[in-house]
Amino acid sequence: MHKPDLEGPGLWTTSVGSFPKPPYILEARGKYARGEISRDDLLELERKATKEWIEFQDGVGTDVVVDGEMYRGDMVAFFAEELQGLEIGGLVRSYGNRYYRKPIATGPVGRDKPITVDWWEYAQSLTTKPVKGMLTGPYTICDWSFNEHYPTRRDYVLDLAKVIRDEALDLEKAGAKFIQIDEPAASTRMDELDLVIEAMAIVTEPLTAHTITHICYGDFHHAYPKMLDIPVDQIDLEFANSDYSLLEDFARVPFTKYIGLGVVDVHTHEQEPVEDIVAGIRRSLEFIPPERMFVDSDCGLKTRTVDEAKTKLSHIKDAVEEVKRNL
Amino acid sequence: MTIRTTVVGSYPKPPDEGDTFVVRKTIHGIDKGATTVDDLHKAQDELVRTMISEQEAAGIDVITDGHARWDDILTPFASHMAGFEIGGLLRWFDNNVYYRRPICTGDIEWRGPASVDAFRFASETATATVKAVIPGPVTFARLSVDEHYNDHEAFVLAIAGVLAQEAFELEAAGAKIIQIDEPALLGAPEDLDLARRGLEIITGELKGAETTTVLATYFGDAKRLGADLFTLPVDGFGLDLVAGPENSGLIPLLPRGKRLQAGIVDARNTMLEPVDTLAAQIAELAATVGAENLMVAPSAGLEFLPREKARAKLGRLVEATQKAGV
């Protein structure tokens, strides 16, 4: 277990990863796609938006900050664009009127240079708080892409794991003390949880940073407690959108890692009152001590508006301060 | 009798690369007040025409309307019944695709047909035979939340009663083939007898001799049900031979005269299957169940693929079927 390099009694605030893109970024991405502005023009705006989000987090007093992913389309497509062996595929629907470009593995996956280190260094240069390195996990990249190259899913996942490990090592070399390897797909198939664990071991084995994985709700009741075998220091989970029902599982089998406690729902415009968040954190403290608790939103906030996301982040901080006052 | 080709249901909504995605734009427009629901219906009509013409051009014998108007197979039915509200997003089996979970909060009652107008539009548009698709009662119940009956059996049978009415209306509208989707039954063998009672309610409303019913399963194998699956009161069974390779062991157990809808082309991966491999597989299936009882299909709905890949897969399925029949 790698202890987080942080001061204080615990109950640190952080974020899951993505923040909403301000309207000027959405507009610029459209213009860039149509060839109306250059890559450098877009980059300049993405840096501006990143700086605004870092300043916001510093203003709120977030303990472990994120760059907000202003430069990422979605969490798999971004890596597919940057890695060798993956192509951007056609549009497929994910739900309702939402579609995404699903990548296709057409050759061996590889990386000729670091993908996320420049952004991490830029974000870290803007703040004295630690910035998390943010990677998508090998199992999720496999599960959310088509495979035309590898004979089995396992071959594909384990190859991806080596690439993500190299990226994580580069982040660590650059100075990252927190590295998050997201596996939202991990709870999809119980019969492949062993593969998730095997792949994560490849990624985290050489790391000395505090490692985190974010897993979306899915079939949690079946994935727990086995998910505790995923070799990371912290697991970040959604609590708010199920009214903290995961705690029932923790009552059965104690949660032994650091927790990332999601306390606001990211799929609703409604703002959770601070006192509700306080109550949720207090319920959770019956199962996990404060020195092993990070508090954040259920999932990335990118589907909210900028104002909604800022209010949710402020509420999280206010609630945590309230709980800490009466620990 | 030649081997027939069919599809399981959905077809990709996005157009080919570079073409305008009219339906998506129209829905965005409604949110902004720039387009109307009427515009959306027109755009959906046009999308159905395109989906039908692509299936026909590929040479598919029994087609669907591509579920062009649906986001998933439950919401269109649940939102037409009394007793249901539409809830939050949930993962659709093991796919990175999400459906809205129906929540039952009161007595379930028929409030008029949910899919009949769409079926009529498709069959008037198409030259090929159009098959009607409805969700099965066990799958419907298992993917919903029951806050009212608090009794799984009563819940399944109440849903079956409404689906029976729907099937009756579809038959009256001219449906010769009605497919009942029960993918959730694969993971719930304890519901087999309940499925039987539900299906009896549904097929009991139909004029047996003239209408063919097919129970479709996909995303896995039926090994936990075994050959008991084939005792359900329908004319044919759909099996996914891609995600459920063990299903091939069940096929020799299919009772004589029952039909097999064999999902042999992977509807969830872009890799194109070699025509010769498919043709050999089709020939073997025909030798086992009889060509006259065999329909070949993709493994599931095609909406998991980009449009070009779905079209290419259907082309190969038809080519392989012709080769196997020679």
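In the predicted model described here, helix 6 of chain B (residues 152-172) is 21 residues long and covers 30 Å from its first C-alpha to its last, close to the 30 Å expected at 1.5 Å a residue. The expected span is 1.5 Å times one less than the number of residues in the helix. Helices here are DSSP runs of H or I with at least four residues, strands are runs of E with at least two, and both are numbered from the N terminus. The buried residues of this helix include B:F155, B:V156, B:I159, B:V162, B:L163 and B:L170, and also B:Q165 and B:E166. A residue is called buried if 20 or more other C-beta atoms lie within 10 Å of its own, exposed if 12 or fewer do, and partly exposed in between, with C-beta atoms placed from the backbone. After helix 6 of chain B comes B:G174, which has a positive phi near 110 degrees.

Residues are numbered from 1 along each chain as its sequence is written, while chains are lettered from A and ligands numbered from 1 in the order in which they are written. As this is a predicted model, local features need pLDDT of at least 70 and side-chain atom pairs count only at pLDDT 80 or more, whereas totals for chains, interfaces and linings use all residues.

Turning to chain A, its secondary structure consists of 11 helices and 12 strands. The radius of gyration of chain A is 19 Å, close to the 20 Å given by the globule rule for 327 residues, so the chain is as compact as a globular protein of that length. That radius is taken over C-alpha atoms, and the rule is 2.2 Å times the number of residues to the power 0.38. Of the 327 residues of chain A, 48% are buried.

Strand 9 of chain A (residues 210-214) has five of its five residues buried, so it is largely enclosed by the rest of the structure. A:H210, A:I212 and A:H214 point one way from this strand, and A:T211 and A:T213 point the other way. Strand 9 runs parallel to strand 8 (residues 178-182) of chain A, with three bridges joining them; strands count as paired if DSSP finds at least two bridges between them. Here A:T211 is the bridge partner of A:I179. Strand 9 is also joined by three bridges to strand 10 (residues 234-238) of chain A, again in parallel, and A:T213 stands opposite A:I235.

Elsewhere in chain A, an open sheet of three strands has the order 2-5-7 and mixed pairing. Its edge strands are strand 2 (84-87) and strand 7, each of which pairs on one side only. Strand 2 pairs with strand 5 (residues 104-110) of chain A in the antiparallel sense over three bridges, and A:Q84 stands opposite A:G110.

In helix 5 (residues 138-143) of chain A lies A:T140, which counts as buried with 28 C-beta neighbours inside 10 Å. Its C-alpha atom is separated by 6.5 Å from that of A:P184, 44 residues apart along the chain.

Finally, 20 residues of chain A are in contact with 21 residues of chain B, contact meaning that C-beta atoms, placed from the backbone, lie within 7 Å. Strand 3 of chain A gives the most to the side of chain A that touches chain B, with five residues.

Key
Two residues are in contact if their C-beta atoms, placed from the backbone, lie within 7 Å.
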